[in-house]
Amino acid sequence: MEQHVTVLPDIDGVRVITCTGEYDQDTLAPFRQAVDQAVADRVRRIVVDVSGIAFADSSMLNEMVRLLRTGCPLVLAGPLPPQLARLFELTSAHQIFTITDSVDAARAL
């Protein structure tokens with residue numbers, strides 16, 4: 001399965017990055033480019049829509065943690081797919097990320 005990264009137009013300084021497909025160390029470049037551009041643009045918040053991710057390994061999780069460390073507010077919009085939810089459960093990552101049930105809920109924060 002391929003991966004797709006779509007960057008939606010900013011609304012009130014909130015940039016939504018929608019991710020679908022499978023992500024590992026070999027397929028992270030489009031996601032990394034999108035988030036790096038959002039950080040460079042100094043958006044108010046980055047929302048990553050993870051609801052369409054079919055698979056993500058620790059390299060995707062590491063990239064999300066790297067994004068948190070930039071200081072730019074980050075919200076993950078779900079619902080979390082089962083495989084990603086399991087990864088977050090195993091690593092306790094759900095404790096460090098703000099996760100909402102939808103993009104609309106993430107934008108409203």
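Which residues touch the most other members of the largest nonpolar core? The views below answer this for a predicted model, in which local features need pLDDT of at least 70, side-chain atom pairs count only at pLDDT 80 or more, and totals for chains, interfaces and linings use all residues. Residues are numbered from 1 along each chain as its sequence is written, and side-chain values use heavy atoms, without hydrogens and water.

**View A. The open sheet of five strands.** The strand order is β1-β2-β3-β4-β5, with mixed pairing (strands are DSSP E runs of at least two residues, helices H or I runs of at least four, numbered from the N terminus; a pair needs at least two DSSP bridges). Because β1 (4-7) and β5 (98-100) each have a single partner strand, one side of each is left without a neighbour in the sheet.

**View B. Strands β2 and β3.** Residues 14-23 (β2) and 45-56 (β3) pair in the parallel sense over nine bridges. E22 stands opposite F55 in β3.

**View C. The largest nonpolar core.** Among its 27 residues, F31, I46, M60 and F97 touch the most other members (a core is a set of buried Ala, Val, Leu, Ile, Met, Phe, Trp, Tyr and Cys residues joined through side-chain atoms within 4.5 Å; buried means under 20% relative accessible area with a 1.4 Å probe, protein chains only). At least two residues of this core come from each of β2, α1, β3, α2 (58-69), β4 and α3.

**View D. The surroundings of F31.** Beyond its neighbours within four places in sequence, F31 is in contact (heavy atoms within 4.5 Å) with V5, I17, C19, Y23, V48, M60, E63 and M64.

Terms used:
Buried means under 20% relative accessible area, exposed over 50%, partly exposed in between (1.4 Å probe, protein chains only).
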